[in-house]
Amino acid sequence: MTENYKVLARKYRPTTFDDLIGQEALVQTLSNAIQSNRLAQAYILTGIRGTGKTTSARLIAKALNCIGPDGNGSMTTHPCGVCKHCQDIANDCHLDVIEIDAASNTGVDNIREIIEGAKYNPLSARYKIYIIDEVHMLSKQAFNALLKTLEEPPERVKFIFATTEIGKVPVTVLSRCQRFDLKRVAPDVLETFFKKILEKENFTAEDEALKIICQSADGSVRDGLSLLDQALAHCEGKITTSAIRKMIGVSNKNALFNLFEGLLAGDAEKVLTLFSQSYLEGADPKTLIQDLLFLVNFVTKVKVAPKLAEDFSLSQEERHRAEEIAKTVPLSQLSQIWQMLMKGSQEMFGAFSPYKTTEMLFIRICYASSLPPLESILSDLKKKELMPVHSSSKSALSSAKKEAPAPLVQKQDVKDVQKKEEQEEKPAAPSPGLNQNTLVVSKVSDIVKRAKEKGEHLLAYHVGSVSVEQLENGKFIFSSAKELDKSFQPKLKAFLEKETNTLWEIEQKEGVQNAPPSLKEQKKAFQSSIRKRLSSSPVVKEALKTFPQSEISNVRLSQDILEKDDVEQDLMEEDTL
Ligand SMILES: Nc1ncnc2c1ncn2[C@@H]1O[C@H](COP(=O)(O)OP(=O)(O)O)[C@@H](O)[C@H]1O
Ligand SMILES: [Mg+2]
Ligand SMILES: [Zn+2]
């Protein structure tokens with residue numbers, strides 16, 4: 001870099017409102033206010049970093065104080081840029097435009113004195129303007145002084161505040177300000193803007209390279225410009241996609257790894273701090289969760305099948321870091337985090353605040369991580385030789401039971417998996433095969449199961465609630481203590497005939513004494529007897545002690561027990577009628 005090289009963000013800082021991209025609402029509101037001469041006492045600009053808050057604050061200062069080239073102009077959204085006010089503001093040396101960076105002056109009481117200077121009239125300009133950047137960082141005393149001034153606003157004084165964290169600004173202050181929300185700038189708007197800059201810099205860029213930069217900027221013009229700066233330094237004359245991939249991949253992963261390690265360690269404070277940092281830097285919570293999912297997937301593969309684990313976006317060093325993590329983290333924890341992240345990513349859709357939703361998700365994960373790992377609890381229990389009951393194959397417990405098996409897949413399969421995943425993004429069409437299956441009815445649960453598969457939930461519910469007296473040879477004879485909807489019988493008949501391809505006779509008996517229990521009642525009785533047996537089992541007692549506040553919420557039996565005990569599997573079906 002040559003000595004007088006200026007970073008793009010400074011070189012291309014907008015000098016007029018026309019140069020400001022993506023903030024049309026602000027410009028419109030402001031010009032209306034100036035035209036109708038209805039200025040607010042104070043403005044507050046908020047938005048993520050690099051969207052033009054500081055820039056706009058200075059532009060507003062110019063707009064309010066510009067006197068035009070001939071010295072007779074009035075307020076304007078097109079400040080001339082040549083009058084002494086415009087120039088002094090641009091050069092940061094206007095005596096009536098006072099810029100304070102609250103971030104670097106926290107708690108310093110001379111801020112208070114500066115604010116109290118607002119009592120005095122401007123020296124030469126129309127307005128004395130206080131620009132307070134990162135205003136949320138002001139000390140309490142400073143806010144109090146500010147509030148006093150805002151309550152009795154001197155006529156020729158204006159305040160312009162800027163902040164990335166509007167939530168930290170006292171409501172008393174907010175209520176006295178007109179608020180502007182600066183938007184994240186859309187990728188295509190950035191693209192057009194950056195193309196113009198590249199032209200001026202005598203550079204070209206591959207389309208895709210530019211797109212990656214604009215995506216990664218995630219709405220922040222400054223972040224985009226810094227990436228562009230880096231790209232200019234990396235490339236000669238032309239920015240290539242491969243160079244950008246390398247450049248961007250390398251710079252973001254570090255934060256991701258830190259976050260992941262925090263989650264594994266259950267360190268909520270660290271995680272939330274890191275998260276808020278990356279959010280302020282423009283990270284999109286959804287993308288972040290996705291990136292974490294990729295990382296969990298990769299670390300898991302490194303753990304169970306290291307030869308198959310490939311991720312070309314990772315550098316040698318990062319791969320090494322993933323291997324280190326894989327050595328210590330138990331498989332059950334990876335699987336647990338995976339499940340929680342998946343669930344969290346689904347909750348993100350329609351969430352009132354993706355940021356807060358993600359925070360809660362991370363807190364949940366940290367809490368789960370801070371519990372003793374399931375492996376160690378189980379092996380403790382095993383040591384005490386208290387393992388009569390198996391867990392079902394679906395739960396994380398089972399992954400702890402066996403050593404992780406290395407999946408028997410070849411490289412080709414891995415590629416296929418990826419291909420398949422891409423295809424599966426689209427909602428799967430209902431499998432036609434099911435419709436052609438004729439149903440064989442030997443017990444009530446056969447009907448219930450099929451009805452559920454077909455989305456006939458009400459029918460399934462009713463079949464499960466009646467007492468079935470006879471069920472064979474196309475006959476369904478039942479009784480019901482409760483009154484049933486009239487349509488039940490014809491519906492059941494039509495359903496059975498369609499599914500079994502034979503004629504059915506449905507008959508309801510009245511006034512039956514000692515009716516057999518319905519499927520629903522059988523399930524209830526069975527579950528509660530299992531529950532009773534379980535809660536007196538020493539393993540469960542031990543487990544309940546190990547996890548205070550836990551309770552038996554659902555009981556599932558493993559396949560071998562089901563077969564051995566000849567238990568009706570349907571009775572154990574998880575989703576009850
Ligand atoms: N809306 C925008 N239009 C054009 N450039 C912008 C915009 N927002 C930010 N920039 C660029 O980013 C740099 C930093 O902007 P700044 O106003 O300091 O952002 P903020 O105060 O919101 O963090 C500016 O010098 C400018 O180059
Ligand atoms: Mg700023
Ligand atoms: Zn001017």
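## The zinc site

The four donor atoms around the zinc ion (ligand 3) subtend angles of 99 to 123 degrees, so the arrangement is tetrahedral (four donors with all angles between 85 and 135 degrees). The protein donors are Cys66 (SG), Cys80 (SG), Cys83 (SG) and Cys86 (SG), lying 2.2 to 2.4 Å from the zinc ion; donors here are N, O and S atoms within 2.8 Å of the metal (3.2 Å for Na, K and Ca), with water not among the atoms. Along the sequence, the spacing of these donor residues reads C-x13-C-x2-C-x2-C.

## About the model

This is a predicted model, where local features need pLDDT of at least 70, side-chain atom pairs count only at pLDDT 80 or more, and totals for chains, interfaces and linings use all residues. Residues are numbered from 1 along each chain as its sequence is written, chains are lettered from A and ligands numbered from 1 in the order written, and side-chain values use heavy atoms, leaving out hydrogens and water.

## Around ligand 1

On to polar contacts, meaning pairs of N or O atoms within 3.5 Å. A polar side-chain atom of Thr55 sits 2.4 Å from an oxygen atom of ligand 1. Nitrogen atoms of the ligand also meet backbone: one is 2.9 Å from a polar backbone atom of Ile21, and a backbone N or O atom of Gly52 lies 3.0 Å from a nitrogen atom of ligand 1.

Key: Tetrahedral: all angles 85-135°; square planar, octahedral: opposite > 155°, others 65-115°. Polar contact = N/O pair within 3.5 Å; in protein donor to acceptor, adjacent residues only side chain to side chain.
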